[in-house]
Amino acid sequence: MATVVRDEQTTLTVTPLTGSIGARIEGVDLSRDLDQETADAIRRAFAEHAVLVFRSGRDATPEEQHRLAALSGEPQPLQVFQFLGRMQAGITFDPGSRIVASDAASAPKQSAQIKRQDLQSLGIAGEFDGWHSDSSFCHFLPKAAVLRAEVIAPVGGDTGFASLCAAYEALSPIMQGWLEDLRAVHIIPEGFKDGINLASYGADAEERFDAFFPPKEWPLVVRHPETGRKALWINPGYTAHIVGLKRAESHALIRFLARHISSTSFTYRHHWQKGDLVVWDEVFALHRAPDDFAPHERKVVRVTAGRQKPTA
Ligand SMILES: [Fe+2]
């Protein structure tokens, strides 16, 4: 089923990719500035589907990626990188979905490029295999992230997305009611500091980082600002404790919710083609990047934009 918006110049088609998350957008020329009607239609589709796929069949440019990101606010890096002084909105992942310091002007003194074998020796290879949102311990999250694949592995290398609205709506009314007033603490997960090569930013970098990013409390159930839909705001690896519960109760609940959100009923798995641009909401959709393409290369560039604070 597709929704079609027409005016004199454009035919924009929105085709859902699953019953719970994701839609494919066709009929948009991202190589030029978008008119207001088209921009509004894309924003409406984004609010409804949380993940949008633009497939042009040709290479997508960084300019097109930025133009798409800018529909959700000013392109800017994660707050983590803003704190570290890396102000470029784009981050390159290569290989093994790890961060590469490709932006020479703002890169740390030592190269942050980490090879797959280094990651394996550190025991953190495939850290992004699991469902997550990017850095929910920060004071705010991006509104959107846009991924552009530069090198596609011949096998593997898909990106998965999970709807936290669909996950919430699948719970019983009794469970929904109980979770609604709870709050959860999000922390810097194990392996995160190595993943961004924090040590290369100076001897006191970790101390400054920990002081600026103390454990962050968010509601466990949040509401989408445009659609009003509620979502289960759980970020496996980052969500460490449910406020007010005993440790064993908290662990059991987090374990249950992390398993619940990973049901294939709430997910879309994107198989990349050259030129694809995929945008997702950093609060209402989790993502994962299976580390299943060795020994092949995979290179993707992520641009984040806008700011949001999950609210009940
Ligand atoms: Fe991520």
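Trainee: What should I know before I start?

Mentor: The model is predicted: local features need pLDDT of at least 70, side-chain atom pairs count only at pLDDT 80 or more, and totals for chains, interfaces and linings use all residues. Residues are numbered from 1 along each chain as its sequence is written.

Trainee: How many helices and strands does the chain have?

Mentor: Helices (H or I, at least four residues) and strands (E, at least two) are DSSP runs, numbered from the N terminus. Here the chain has 9 helices and 17 strands.

Trainee: What share of the chain is buried?

Mentor: Buried means 20 or more other C-beta atoms within 10 Å of a residue's own; exposed means 12 or fewer; partly exposed lies in between; C-beta atoms are placed from the backbone. Of the 312 residues in the chain, 42% are buried. Take Glu 63, in helix 2 (residues 62–69). Glu 63 has 11 C-beta neighbours inside 10 Å, so it counts as exposed.

Trainee: How do I read the faces of a helix?

Mentor: An α-helix has 3.6 residues a turn, so residues three or four places apart point the same way. Now look at helix 1 (residues 36–49). Its buried residues are Thr 38, Ala 41, Ile 42, Ala 45, Phe 46 and His 49. They fall within an arc of 140 degrees seen down the axis of helix 1, so they line one face. The arc is that of the directions from the helix axis to the C-beta atoms. After helix 1 comes Ala 50, with a positive phi near 70 degrees.

Trainee: Which residues of helix 9 are buried?

Mentor: In helix 9, Leu 253, Ile 254, Leu 257 and Ile 261 are buried. Their arc is only 100 degrees, which puts them on the same side of helix 9. On the other side, Ala 248, Arg 255, Phe 256 and Arg 259 are exposed.

Trainee: In what order do the strands of the open sheet run?

Mentor: Strands of a sheet pair through backbone hydrogen bonds, either parallel or antiparallel. Two strands pair if DSSP finds at least two bridges between them. Here 3 strands form an open sheet in the order 14-8-16, with antiparallel pairing. Strand 14 (267–270) and strand 16 are at the edges with a single partner strand each, so one side of each lacks a neighbour in the sheet. Strands 8 and 14 pair over 4 bridges. Gly 160 stands opposite Arg 269 in strand 14.

Methods: Expected span 1.5 Å × (residues − 1).
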